[in-house]
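Here are my notes on this one, as numbered points. Have the viewer open while you read.

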Amino acid sequence: MSDYNINNDLLNKSSEKKPNYIMASLAGLGVSVVVAIILAVIGIWLEAEYILVLALGAVAVGMVIHNFVPKKSIAGAILGAIFCPATYFLYQVFMAMFGYYYEGDDNTFWWMLAGSFIYGAYMGYNNDND
């Protein structure tokens, strides 16, 4: 019986996700820029800003970071808290470069930035219940 416990412990340790923070950073940055460009193209094309589309962009970036970091990772939470809001910020920069600005009030920018920060930190922390 004790042999079973030792072997089971070895299997559990080898199946844990190993941290790959460099790849998480590169993937998060790359996806953040690509998603921001796609969001800006959609916003310019439709001549409107849709909160749902912006939220889906943050979800995409959060999921990418989520896949590269282990459970309960403080570094992953920091990466998520950086790259998810960076997507929204880059979207705003790209829109401004082409002369577009859709927000009705100044609070929308800060609410979206704060929401994407919280979501990114949560996804980076990777609170899975496997």
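What percentage of the 130 residues of the protein count as buried?

1. The answer is 35%. Keep in mind that this is a predicted model. The secondary structure comes to five helices and zero strands, and along the sequence the pattern reads α-α-α-α-α. As for contacts with a sequence separation of 6 or more, 84% of them come from residues 24 or more positions apart.

2. Let's start with the helix pairs, taking H2 and H3 to begin with. Helix H2 covers residues 21-46 and helix H3 covers 51-68. Their axes lie 9 Å apart, at an angle of about 165°. Anything over 145 degrees counts as roughly antiparallel, so that is the label for H2 against H3. The crossing of H2 and H3 is right-handed.

3. Who meets whom between H2 and H3? On the H2 side you'll find Met-23, Ala-24, Ala-27, Gly-28, Val-31, Ser-32, Val-35, Leu-39 and Ile-42, and on the H3 side Val-53, Leu-54, Gly-57, Ala-60, Val-61, Val-64, Ile-65 and Phe-68. Sorted by class, this contact has 14 nonpolar residues, three polar ones and no charged ones.

4. Ala-27 sits in helix H2 and counts as buried, at 17% relative accessibility. Leaving out neighbours within four places in sequence, Ala-27 is in contact with Val-64 and Phe-68. The C-alpha atoms of Ala-27 and Val-64 are separated by 7.0 Å, although the two are 37 residues apart along the chain.

5. The other one is Gly-57, in helix H3. Gly-57 is buried too, with a relative accessible area of 5%. It touches Val-35 and Leu-39, again not counting residues up to four places away in sequence.

6. Next, H4 and H5. Helix H4 runs over residues 74-97 and helix H5 over 107-125; the two pack at about 150° with axes 6 Å apart. That angle makes H4 roughly antiparallel to H5. Their crossing is right-handed.

7. The H4 side of this contact includes Gly-76, Ala-77, Gly-80, Ala-81, Cys-84, Pro-85 and Tyr-88, while the H5 side includes Met-112, Ser-116, Phe-117, Gly-120, Ala-121 and Gly-124. By class, the contact of H4 with H5 has 14 nonpolar residues, seven polar and no charged.

8. How are H3 and H5 oriented relative to each other? Their axes come within 9 Å and cross at roughly 25°. Angles under 35 degrees count as roughly parallel, and H3 and H5 are therefore roughly parallel to each other. The crossing of H3 and H5 is right-handed. H3 contributes Ile-51, Leu-54, Ala-58, Val-59, Gly-62, Met-63, Ile-65 and His-66, and H5 contributes Thr-108, Met-112, Ser-116, Tyr-119, Met-123 and Gly-124. In classes, that contact divides into nine nonpolar, five polar and no charged residues.

9. Is Ser-116 buried or exposed? Buried, with a relative accessible area of 6%. Setting aside residues up to four places away in sequence, Ser-116 touches Ala-58, Cys-84 and Pro-85.

10. Now the core. The largest nonpolar core has 19 residues, and those with the most contacts inside it are Leu-54, Val-61, Tyr-88 and Tyr-91. H2, H3, H4 and H5 each supply at least two residues of this core. Which helix gives the most? That would be H4, with seven residues.

11. Not counting residues up to four places away in sequence, Leu-54 touches Leu-39, Glu-49, Tyr-88, Tyr-91 and Met-112.

Note on methods
Residues numbered from 1 in each chain as written. Predicted model: local features only at pLDDT ≥ 70, side-chain atom pairs only at ≥ 80, totals over all residues. Heavy atoms only, no water. Axes fitted to C-alpha atoms, helices over the stretch in contact; angles between N-to-C directions. Helix = DSSP H or I, 4+ residues; strand = E, 2+ residues; numbered from the N terminus. Parallel < 35°, antiparallel > 145°, perpendicular 65-115°, else oblique. Left-handed = near helix turned anticlockwise from the far one by under 90°. Contact = heavy atoms within 4.5 Å. Nonpolar A, V, L, I, M, F, W, Y, C, P; charged D, E, K, R; others polar. Core = buried A, V, L, I, M, F, W, Y, C linked by side-chain atoms within 4.5 Å. Buried < 20%, exposed > 50% of the residue type's maximum accessible area, 1.4 Å probe, protein only.
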